[in-house]
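Reader: I have a structure open and a few things to ask about it. Can we go through it piece by piece?

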Amino acid sequence: VPRLASVAANGAILLGNVYSVDAHTPDRLIRAVTHAHQDHMKGLRSSIRQSLNIIATPTTFRFLEVLGYRVPAEKRIELPYRRPVEILGEVVTLYEARHIAGSAQVLVETPWGSAGYTGDFKLPGTPPMRGLDVLVIDATYGSPRYQRRWSDWDALDALISIIDDKINYGPVWVYGFHGKIQEIMVELRRRGVEYEFMADPKTIELARVASEFYGVPVDGIRTYMGGAVDESVVIFFHASKRRYKMRLPGTHIHLTGWEMRGVVRQTGPNSFNVSFSDHATFSEIIEYVAEAAPRRVIVDGTRGRDAWYTAKHIQKRLGIEAVVQPGVGLA
Ligand SMILES: [Zn+2]
(Lines give C-alpha, C1' and ligand atoms only; values in the text may rest on other atoms or scores of the structure.)
Protein backbone atom coordinates (compact mmCIF):
# COMPACT_ATOMS: atom_id res chain seq x y z
CA VAL A 1 0.00 0.00 0.00
CA PRO A 2 1.45 3.41 -0.96
CA ARG A 3 2.09 5.95 1.77
CA LEU A 4 -0.73 8.37 2.55
CA ALA A 5 1.15 11.25 4.12
CA SER A 6 4.57 12.37 5.28
CA VAL A 7 6.50 15.54 6.09
CA ALA A 8 9.74 16.07 4.16
CA ALA A 9 12.86 17.72 5.57
CA ASN A 10 12.15 20.94 3.66
CA GLY A 11 8.70 21.23 5.23
CA ALA A 12 6.73 19.83 2.28
CA ILE A 13 3.58 18.06 3.45
CA LEU A 14 3.18 15.13 1.04
CA LEU A 15 -0.41 13.94 0.68
CA GLY A 16 -1.34 10.95 -1.48
CA ASN A 17 0.96 10.39 -4.45
CA VAL A 18 0.37 13.65 -6.24
CA TYR A 19 0.28 16.59 -3.85
CA SER A 20 3.05 18.60 -2.25
CA VAL A 21 1.68 21.16 0.19
CA ASP A 22 3.49 24.31 1.44
CA ALA A 23 6.95 23.49 0.06
CA HIS A 24 8.33 22.41 -3.32
CA THR A 25 8.96 18.73 -4.14
CA PRO A 26 10.52 18.15 -7.59
CA ASP A 27 8.73 14.87 -8.38
CA ARG A 28 5.23 15.95 -7.25
CA LEU A 29 2.86 17.14 -9.96
CA ILE A 30 0.62 19.38 -7.89
CA ARG A 31 1.64 22.12 -5.44
CA ALA A 32 -0.90 23.37 -2.95
CA VAL A 33 -0.50 26.51 -0.82
CA THR A 34 -2.52 26.67 2.41
CA HIS A 35 -1.94 30.42 2.90
CA ALA A 36 0.31 33.30 1.96
CA HIS A 37 2.89 33.16 4.77
CA GLN A 38 6.60 32.80 3.99
CA ASP A 39 7.04 29.45 5.74
CA HIS A 40 4.20 28.00 3.65
CA MET A 41 5.38 29.41 0.29
CA LYS A 42 8.73 27.57 0.33
CA GLY A 43 10.12 26.99 -3.16
CA LEU A 44 6.97 28.45 -4.68
CA ARG A 45 8.84 29.93 -7.65
CA SER A 46 10.21 26.45 -8.50
CA SER A 47 6.73 24.99 -8.12
CA ILE A 48 5.29 27.63 -10.44
CA ARG A 49 7.87 26.67 -13.08
CA GLN A 50 7.85 22.89 -12.65
CA SER A 51 4.46 21.77 -11.32
CA LEU A 52 1.49 20.90 -13.45
CA ASN A 53 -0.86 22.96 -11.26
CA ILE A 54 -0.88 25.24 -8.25
CA ILE A 55 -3.87 24.90 -5.91
CA ALA A 56 -5.01 27.57 -3.44
CA THR A 57 -8.13 29.49 -2.46
CA PRO A 58 -9.03 32.53 -4.60
CA THR A 59 -8.05 34.85 -1.71
CA THR A 60 -4.64 33.20 -1.32
CA PHE A 61 -4.03 33.62 -5.07
CA ARG A 62 -4.77 37.33 -4.72
CA PHE A 63 -2.38 37.63 -1.77
CA LEU A 64 0.30 35.80 -3.76
CA GLU A 65 -0.12 38.24 -6.62
CA VAL A 66 0.31 41.26 -4.34
CA LEU A 67 3.41 39.58 -2.90
CA GLY A 68 4.91 39.26 -6.39
CA TYR A 69 4.15 35.67 -7.42
CA ARG A 70 2.76 35.31 -10.93
CA VAL A 71 1.02 32.00 -11.49
CA PRO A 72 0.15 31.45 -15.19
CA ALA A 73 -3.59 31.07 -15.76
CA GLU A 74 -3.23 27.56 -17.19
CA LYS A 75 -1.55 26.32 -14.01
CA ARG A 76 -3.96 27.93 -11.55
CA ILE A 77 -6.61 25.93 -9.78
CA GLU A 78 -8.54 28.44 -7.67
CA LEU A 79 -10.44 26.25 -5.28
CA PRO A 80 -13.19 27.68 -3.08
CA TYR A 81 -13.71 25.95 0.26
CA ARG A 82 -15.52 22.59 0.20
CA ARG A 83 -15.33 22.06 -3.56
CA PRO A 84 -13.66 18.71 -4.31
CA VAL A 85 -11.53 18.30 -7.44
CA GLU A 86 -10.12 15.03 -8.75
CA ILE A 87 -6.61 15.00 -10.16
CA LEU A 88 -4.96 11.76 -11.29
CA GLY A 89 -7.36 9.66 -9.25
CA GLU A 90 -6.90 11.59 -6.00
CA VAL A 91 -9.57 14.01 -4.79
CA VAL A 92 -8.48 17.23 -3.09
CA THR A 93 -10.77 19.51 -1.06
CA LEU A 94 -9.93 22.72 0.83
CA TYR A 95 -11.61 23.51 4.15
CA GLU A 96 -11.72 26.71 6.20
CA ALA A 97 -8.87 27.40 8.62
CA ARG A 98 -9.04 30.45 10.87
CA HIS A 99 -5.59 31.98 10.57
CA ILE A 100 -5.32 34.69 7.89
CA ALA A 101 -7.69 35.59 5.07
CA GLY A 102 -7.91 32.71 2.59
CA SER A 103 -6.22 30.11 4.83
CA ALA A 104 -7.19 26.52 4.12
CA GLN A 105 -6.87 22.98 5.40
CA VAL A 106 -6.17 20.36 2.72
CA LEU A 107 -7.93 17.00 2.48
CA VAL A 108 -6.79 14.35 -0.03
CA GLU A 109 -8.82 11.19 -0.64
CA THR A 110 -7.17 8.32 -2.48
CA PRO A 111 -8.40 4.81 -3.30
CA TRP A 112 -6.24 3.50 -0.42
CA GLY A 113 -7.23 6.02 2.24
CA SER A 114 -7.56 9.65 3.31
CA ALA A 115 -5.03 12.19 4.55
CA GLY A 116 -5.38 15.80 5.64
CA TYR A 117 -3.18 18.71 6.67
CA THR A 118 -4.48 21.48 8.92
CA GLY A 119 -2.00 24.17 7.85
CA ASP A 120 -1.81 27.00 10.39
CA PHE A 121 -5.04 27.38 12.33
CA LYS A 122 -6.66 28.43 15.54
CA LEU A 123 -9.93 27.57 17.26
CA PRO A 124 -12.78 28.23 17.01
CA GLY A 125 -13.33 28.68 13.29
CA THR A 126 -11.44 25.67 11.98
CA PRO A 127 -13.81 22.71 11.42
CA PRO A 128 -11.96 19.48 12.23
CA MET A 129 -11.50 17.03 9.36
CA ARG A 130 -13.01 13.94 10.95
CA GLY A 131 -12.11 10.27 10.74
CA LEU A 132 -9.02 10.54 8.54
CA ASP A 133 -6.56 7.71 8.14
CA VAL A 134 -3.73 10.20 8.64
CA LEU A 135 -3.89 13.75 10.00
CA VAL A 136 -0.88 16.03 9.62
CA ILE A 137 -1.18 18.78 12.19
CA ASP A 138 0.61 22.08 12.74
CA ALA A 139 2.01 22.49 16.23
CA THR A 140 3.45 26.00 16.33
CA TYR A 141 2.92 26.12 20.11
CA GLY A 142 3.56 22.44 20.71
CA SER A 143 3.64 22.26 24.50
CA PRO A 144 2.01 23.74 27.60
CA ARG A 145 4.93 26.13 28.15
CA TYR A 146 3.55 28.09 25.18
CA GLN A 147 0.02 28.06 26.53
CA ARG A 148 -1.42 31.59 26.55
CA ARG A 149 -3.90 32.30 29.33
CA TRP A 150 -5.88 34.92 27.45
CA SER A 151 -7.88 35.02 24.25
CA ASP A 152 -7.49 36.96 21.00
CA TRP A 153 -10.36 39.09 22.21
CA ASP A 154 -8.43 40.07 25.35
CA ALA A 155 -5.47 40.96 23.16
CA LEU A 156 -7.65 43.05 20.86
CA ASP A 157 -9.13 44.92 23.84
CA ALA A 158 -5.61 45.60 25.12
CA LEU A 159 -4.52 46.88 21.72
CA ILE A 160 -7.51 49.21 21.48
CA SER A 161 -6.91 50.65 24.95
CA ILE A 162 -3.23 51.41 24.18
CA ILE A 163 -4.29 53.12 20.95
CA ASP A 164 -6.97 55.13 22.79
CA ASP A 165 -4.45 56.18 25.47
CA LYS A 166 -1.65 57.19 23.15
CA ILE A 167 -3.09 58.46 19.91
CA ASN A 168 -3.57 62.05 21.11
CA TYR A 169 0.20 62.31 21.59
CA GLY A 170 1.13 61.26 18.04
CA PRO A 171 1.08 58.24 15.76
CA VAL A 172 0.67 54.68 16.96
CA TRP A 173 2.76 52.22 14.95
CA VAL A 174 1.52 48.62 14.78
CA TYR A 175 3.77 45.79 13.56
CA GLY A 176 2.76 42.27 12.58
CA PHE A 177 2.92 39.69 9.80
CA HIS A 178 1.06 39.85 6.49
CA GLY A 179 -2.50 38.77 7.04
CA LYS A 180 -2.42 39.45 10.76
CA ILE A 181 -2.22 43.24 10.44
CA GLN A 182 -4.98 43.21 7.85
CA GLU A 183 -7.14 41.15 10.18
CA ILE A 184 -6.41 43.68 12.95
CA MET A 185 -7.48 46.56 10.69
CA VAL A 186 -10.74 44.72 10.00
CA GLU A 187 -11.31 43.93 13.69
CA LEU A 188 -10.66 47.54 14.73
CA ARG A 189 -13.18 48.83 12.19
CA ARG A 190 -15.66 46.13 13.20
CA ARG A 191 -15.46 47.45 16.77
CA GLY A 192 -16.03 51.00 15.69
CA VAL A 193 -12.44 52.23 16.05
CA GLU A 194 -12.42 55.12 13.62
CA TYR A 195 -8.92 56.60 13.83
CA GLU A 196 -7.26 57.16 10.49
CA PHE A 197 -5.11 54.30 9.17
CA MET A 198 -1.86 54.63 7.26
CA ALA A 199 0.27 51.94 5.60
CA ASP A 200 2.66 51.24 2.74
CA PRO A 201 1.11 50.40 -0.65
CA LYS A 202 1.60 46.63 -0.37
CA THR A 203 -0.04 46.51 3.06
CA ILE A 204 -2.93 48.58 1.68
CA GLU A 205 -3.43 46.21 -1.27
CA LEU A 206 -3.42 43.21 1.07
CA ALA A 207 -5.95 45.03 3.26
CA ARG A 208 -8.26 45.42 0.27
CA VAL A 209 -8.17 41.64 -0.32
CA ALA A 210 -8.71 40.87 3.38
CA SER A 211 -11.54 43.38 3.63
CA GLU A 212 -13.43 41.57 0.86
CA PHE A 213 -12.73 38.19 2.45
CA TYR A 214 -14.10 39.28 5.84
CA GLY A 215 -16.86 41.44 4.37
CA VAL A 216 -15.82 44.47 6.40
CA PRO A 217 -14.92 47.70 4.60
CA VAL A 218 -11.48 49.12 5.38
CA ASP A 219 -11.52 52.17 3.15
CA GLY A 220 -9.46 55.30 2.91
CA ILE A 221 -6.16 54.00 4.23
CA ARG A 222 -3.60 56.70 3.52
CA THR A 223 -0.27 55.86 1.93
CA TYR A 224 2.74 56.19 4.21
CA MET A 225 5.38 58.26 2.45
CA GLY A 226 8.32 57.61 4.77
CA GLY A 227 9.92 59.36 7.71
CA ALA A 228 8.35 60.68 10.88
CA VAL A 229 4.62 61.37 11.13
CA ASP A 230 3.16 64.16 13.24
CA GLU A 231 -0.49 63.16 13.33
CA SER A 232 -2.92 61.09 15.33
CA VAL A 233 -3.00 58.06 13.03
CA VAL A 234 -2.50 54.30 13.34
CA ILE A 235 0.30 53.19 11.03
CA PHE A 236 0.56 49.53 10.06
CA PHE A 237 3.80 47.82 9.09
CA HIS A 238 5.14 44.37 8.40
CA ALA A 239 7.08 43.09 11.42
CA SER A 240 10.34 43.13 9.43
CA LYS A 241 10.25 46.96 9.35
CA ARG A 242 9.98 47.36 13.11
CA ARG A 243 13.70 47.79 13.75
CA TYR A 244 13.93 50.81 11.40
CA LYS A 245 10.73 52.49 12.51
CA MET A 246 11.18 52.13 16.28
CA ARG A 247 13.37 55.25 16.43
CA LEU A 248 10.60 57.46 15.05
CA PRO A 249 8.39 59.44 17.44
CA GLY A 250 5.14 57.85 18.55
CA THR A 251 4.02 54.67 20.28
CA HIS A 252 5.18 51.34 18.88
CA ILE A 253 3.17 48.14 19.29
CA HIS A 254 4.51 44.74 18.29
CA LEU A 255 1.86 42.06 17.76
CA THR A 256 3.50 38.77 18.64
CA GLY A 257 2.22 35.36 19.60
CA TRP A 258 5.49 34.62 21.38
CA GLU A 259 4.81 37.05 24.24
CA MET A 260 3.82 34.61 26.99
CA ARG A 261 4.30 36.82 30.07
CA GLY A 262 1.05 38.69 29.74
CA VAL A 263 -1.44 40.02 27.25
CA VAL A 264 0.46 43.34 27.23
CA ARG A 265 4.08 43.89 28.09
CA GLN A 266 5.70 47.31 28.07
CA THR A 267 9.12 46.88 26.43
CA GLY A 268 10.36 50.48 26.50
CA PRO A 269 9.25 54.03 27.32
CA ASN A 270 7.05 54.10 24.23
CA SER A 271 6.87 50.49 23.10
CA PHE A 272 4.65 47.50 23.90
CA ASN A 273 4.23 43.85 23.00
CA VAL A 274 0.63 42.75 22.59
CA SER A 275 0.29 38.99 22.69
CA PHE A 276 -1.96 38.41 19.74
CA SER A 277 -1.45 35.09 18.01
CA ASP A 278 -2.84 33.53 14.90
CA HIS A 279 -2.03 29.98 15.94
CA ALA A 280 -3.81 27.43 18.08
CA THR A 281 -2.73 27.25 21.69
CA PHE A 282 -1.44 23.89 22.88
CA SER A 283 -4.83 22.91 24.30
CA GLU A 284 -6.55 23.92 21.05
CA ILE A 285 -4.20 21.58 19.13
CA ILE A 286 -5.20 18.71 21.41
CA GLU A 287 -8.88 19.70 21.19
CA TYR A 288 -8.68 19.59 17.38
CA VAL A 289 -7.16 16.09 17.36
CA ALA A 290 -9.68 14.80 19.91
CA GLU A 291 -12.59 16.02 17.78
CA ALA A 292 -11.09 14.89 14.48
CA ALA A 293 -10.31 11.41 15.87
CA PRO A 294 -7.96 10.29 13.08
CA ARG A 295 -6.41 6.81 13.01
CA ARG A 296 -2.93 8.24 13.01
CA VAL A 297 -1.32 11.68 13.53
CA ILE A 298 1.85 13.17 12.11
CA VAL A 299 2.99 16.34 13.88
CA ASP A 300 4.81 18.75 11.56
CA GLY A 301 8.26 19.05 13.12
CA THR A 302 9.51 21.73 10.72
CA ARG A 303 7.41 24.76 11.68
CA GLY A 304 6.63 24.58 15.37
CA ARG A 305 8.26 24.18 18.75
CA ASP A 306 8.11 21.09 20.95
CA ALA A 307 6.43 18.92 18.30
CA TRP A 308 7.76 15.86 20.16
CA TYR A 309 5.70 16.86 23.19
CA THR A 310 2.52 17.21 21.12
CA ALA A 311 3.03 13.73 19.65
CA LYS A 312 3.69 12.18 23.05
CA HIS A 313 0.64 13.87 24.56
CA ILE A 314 -1.66 12.74 21.72
CA GLN A 315 -0.39 9.20 22.06
CA LYS A 316 -0.74 9.03 25.85
CA ARG A 317 -3.81 11.13 26.52
CA LEU A 318 -5.87 10.42 23.41
CA GLY A 319 -4.56 6.94 22.65
CA ILE A 320 -3.97 7.83 19.00
CA GLU A 321 -0.74 6.77 17.29
CA ALA A 322 1.33 9.93 16.77
CA VAL A 323 4.80 10.68 15.43
CA VAL A 324 6.86 13.74 14.55
CA GLN A 325 8.16 14.06 11.01
CA PRO A 326 10.76 14.52 9.73
CA GLY A 327 12.10 12.10 12.36
CA VAL A 328 14.17 13.80 15.02
CA GLY A 329 17.37 12.24 16.30
CA LEU A 330 17.33 11.70 20.04
CA ALA A 331 19.85 13.92 21.76
ZN1 LIG B 1 0.82 31.27 8.88
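Reader: Where does P124 sit?
Author: P124 is in the loop between β10 (113-117) and β11 (134-137); strands here are DSSP runs of E with at least two residues, helices are runs of H or I with at least four, and both are numbered from the N terminus. The model is a predicted one, in which local features need pLDDT of at least 70, side-chain atom pairs count only at pLDDT 80 or more, and totals for chains, interfaces and linings use all residues. Residues are numbered from 1 along each chain as its sequence is written, and side-chain values use heavy atoms, without hydrogens and water.

Reader: What is the peptide bond from L123 to P124, cis or trans?
Author: Cis, with omega near -5 degrees. The bond from Q325 to P326 is cis too, with omega near -5 degrees, and P326 is in the segment after β20 (321-325).

Reader: Pockets next. What volume does the largest pocket have?
Author: About 510 Å³. A pocket is an open set of points on a 1 Å grid over the protein atoms alone, where a 1.4 Å probe fits, with protein on both sides within 12 Å along at least five of seven lines; lining residues have an atom within 4 Å of a point. The volume is the space filled by probe spheres set on the points, which are joined across faces, edges and corners.

Reader: Which residues lie nearest its centre?
Author: In the largest pocket, H37, D39, F177, D278 and H279 do, out of 27 lining residues. By class, that lining has nine nonpolar, 12 polar and six charged residues. Ala, Val, Leu, Ile, Met, Phe, Trp, Tyr, Cys and Pro count as nonpolar, Asp, Glu, Lys and Arg as charged, and the others, Gly among them, as polar.

Reader: And the second largest pocket, what lines that?
Author: 16 residues, with R98, E183, E187, R190 and Y214 nearest the centre. α3 (152-166), α4 (180-190) and α5 (201-214) each give at least two residues to that lining. The lining divides into eight nonpolar, two polar and six charged residues, and the pocket holds about 260 Å³.

Reader: Different topic. What is the phi of D306?
Author: Near 65 degrees, which is positive in a residue other than glycine. D306 lies in the loop between β19 and α8 (307-318).

Reader: Is D306 buried or exposed?
Author: Buried, at 14% relative accessible area; buried means under 20%, exposed over 50%, and partly exposed in between, with a 1.4 Å probe and protein chains only.
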